Structures are given as C-alpha cells and as structure tokens.
Amino acid sequence: MRTAALPDAQRPTILVVEDEAPLLTLLRYNLEKQGFRVEEAADGPEALIRVAESKPDLMLLDWMLPAMSGLEVCRQLRRRPETRDLPIIMVTARTEETDAVRALDTGADDHIGKPFTMDALLARIRAVMRRSGAPAARGTLAWQDIVMDQDAHRVTRAGRTLHLGPTEYRLLEFFLQHPGRVFSREQLLDAVWGRDIHVELRTVDVHIRRLRKAINGESDADVIRTVRSAGYALDVEG
C-alpha cells in the first residue's frame with residue numbers, strides 16, 4: 001500500500017492532547033503515516049489555547065491530564081458555540097462502563113481504553129469523522145493492480161475503471177488500508193458502517209459479493225479472500 005503525500009493545508013488536522021511523551025510520539029508517527037497533520041498539547045489549558053488559535057478537525061483527548069482533566073476540557077469546549085461540534089475521542093485508562101458513560105455524557109463523540117491498537121483507534125477516528133462530516137485523510141491507495149484515488153473518488157484495476165457503490169467503495173478503501181489482514185464481519189461493520197449503526201451481519205456478506213463482482217473481471221484473480229469462521233481479507237490464495 002502507498003499513500004500519496006498531500007500539502008499540510010489539505011490534510012485533516014488531529015490535535016492530540018496527551019502528557020505521556022512515548023505515547024504521543026507513537027500516535028504522531030502513526031497518524032502522520034495515515035495522512036493526518038498532527039498538533040500536540042500536553043495538558044488541558046494548552047489544549048484550549050491550541051483550539052482557540054486553530055480549530056482542528058478532530059481531538060484525541062486523554063482523560064487523566066495535569067492541571068485540568070480531559071472531562072473538564074471537553075465540558076468547556078462543548079459550552080463554546082465555535083467548538084460545540086468539534087469531534088472528540090476520549091482516551092482513557094479507566095475501564096469501568098460507568099466511566100465510558102461519563103465520558104460520552106460529558107460530550108465526547110467516542111472513547112477508547114488504554115492499551116489500544118492503532119487499527120482500533122484509526123477505525124474510531126474514521127467513523128467519528130464520517131458522522132461529523134469532517135474531512136478524512138486523502139491520497140492514493142494501491143495494492144497489486146488496484147489503485148484508489150481518494151480525491152477523485154476513482155478506482156481502477158489494471159488500468160480499467162471500476163464502478164463501485166458507496167458501501168463497496170468504503171469496504172475496498174478499508175481493505176486497501178489493511179491489505180492481508182483478516183477482519184470479522186463485526187469489525188467490518190464497525191469500521192465501514194459505524195458503531196452506532198445497527199445492521200445484520202449478513203449485510204456484510206451481501207456487499208462483499210457486490211464488491212467481488214465489481215472488481216473481479218473474467219481473467220482476474222479474486223482478491224477478496226474468505227477465511228472460514230473468521231471473516232474476509234484483501235489477499236490472494238497462496
């Protein structure tokens with residue numbers, strides 16, 4: 001997979017509010033790798049200043065911060081008209097269900113518990129951005145002979161244009177971001193449809209069939225691999 005670099009002005013900005021330097025470095029590396037521009041704040045007051053200076057497209061907000069908690073930062077942002085709709089994902093080491101409810105009730109759009117995988121975090125970022133209408137990271141994704149131009153919303157295979165429905169496009173986009181990895185139907189539902197959308201698992205199978213039909217020509221290898229009792233992957237049989 002390759003992602004074409006975009007000028008900073010065209011890249012969606014994520015403000016990461018985190019006081020743990022190693023985690024902050026890890027998040028910056030992985031988010032920039034996915035095409036985001038990353039700003040940093042080490043505590044609550046600095047985060048509020050950063051947002052006032054330049055509103056990001058999304059905020060990753062740690063709950064436990066020095067000087068001011070992430071909950072209080074979230075409360076203050078939700079009180080201000082200009083940041084009332086700012087997408088916020090709360091990052092927390094607190095694992096009780098009541099803590100998750102508290103974060104959401106305070107105004108966070110989603111939450112994720114530490115430790116977490118980058119794939120899980122990126123899926124939540126994309127889902128929240130879709131719901132909020134914030135721009136997602138754009139560029140070019142490619143795997144074998146399949147190329148997706150995210151800016152032009154155009155997909156080709158071996159040079160021929162593919163015609164995909166909106167859901168099949170999002171499915172292929174997700175697979176291109178994680179080639180070779182097997183995803184269960186539940187994981188695909190969360191990543192492509194969103195965690196707050198309730199659809200049946202067999203819906204995934206229907207759209208996988210449509211995606212296969214759209215991208216596989218008569219002489220093409222089937223690049224959507226079915227893994228029995230596990231799910232699907234963008235892969236070819238070895």
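Two strands are taken as paired if DSSP finds at least two bridges between them, and helices (H or I, at least four residues) and strands (E, at least two) are DSSP runs numbered from the N terminus. The structure is a predicted model, in which local features need pLDDT of at least 70 and side-chain atom pairs count only at pLDDT 80 or more, whereas totals for chains, interfaces and linings use all residues. Residues are numbered from 1 along each chain as its sequence is written, and side-chain values use heavy atoms, with hydrogens and water left out.

On these terms, 5 strands form an open sheet with parallel pairing, in the order 2-1-3-4-5. Strand 2 and strand 5 stand at the edges of this sheet and have a single partner strand each, so that one side of each is left without a neighbour in the sheet. Neighbouring strands are turned against each other by 20° on average, direction ignored, where axes are lines fitted to C-alpha atoms (for helices over the stretch in contact) and angles run from 0 to 180 degrees between N-to-C directions.

Within this parallel sheet, strand 1 (residues 13–17) and strand 2 (residues 37–41) are joined by 5 bridges. The bridge partner of I14 in strand 2 is V38, while L15 stands opposite E39 of strand 2. Strand 1, helix 1 (residues 21–33) and strand 2 together make a right-handed β-α-β unit; a crossover is right-handed if, with the strands pointing away from the viewer, the path from the first strand over the helix to the second runs clockwise.

Helix 2 (residues 44–53) lies across strand 1, strand 2 and strand 3 (58–62), and runs at about 140° to strand 2. Helix 5 lies across strand 1, strand 3, strand 4 (88–92) and strand 5, and runs at about 175° to strand 5. M118 has its place in helix 5 and, with a relative accessibility of 15%, counts as buried, the classes being buried under 20% relative accessible area, exposed over 50% and partly exposed in between (1.4 Å probe, protein chains only). When residues up to four places away in sequence are not counted, M118 touches L27 and N30. The C-alpha atoms of M118 and L31 are separated by 8.9 Å, although these residues are 87 residues apart along the chain.

A cis peptide bond leads from K114 to P115, with omega near -5°. P115 lies in the loop between strand 5 (110–113) and helix 5 (118–132).

Another open sheet has 4 strands in the order 6-7-8-9, with antiparallel pairing. Its edge strands are strand 6 (140–143) and strand 9 (160–162), each of which pairs on one side only. Strand 6 is joined to strand 7 (residues 146–149) by 4 bridges in an antiparallel arrangement, and W143 stands opposite I146 in strand 7.

Helix 6 (residues 166–177) lies across strand 6, strand 7 and strand 8 (154–157), running at about 110° to strand 7. Helix 6 also packs with helix 8 (residues 202–215) at an angle of about 80°, their axes being 9 Å apart. The two helices, helix 6 and helix 8, are therefore roughly perpendicular to each other, given that angles under 35 degrees count as roughly parallel, over 145 as roughly antiparallel, 65 to 115 as roughly perpendicular and the rest as oblique. To this contact helix 6 contributes T167, E168, L171, L172 and F175, and helix 8 contributes H207, I208, R210, L211 and I215. By class, the contact has 6 nonpolar, 2 polar and 2 charged residues, where Ala, Val, Leu, Ile, Met, Phe, Trp, Tyr, Cys and Pro count as nonpolar, Asp, Glu, Lys and Arg as charged, and the others, Gly among them, as polar.

Positive phi values in residues other than glycine were also noted. A158 has a phi near 55° and is placed in the loop between strand 8 and strand 9, where A158 is exposed with a relative accessible area of 56%. S229 has a phi of about 65° and is found in the loop between strand 10 (224–227) and strand 11 (231–234); S229 is likewise exposed, with a relative accessible area of 80%.

Terms used:
Contact means heavy atoms within 4.5 Å.
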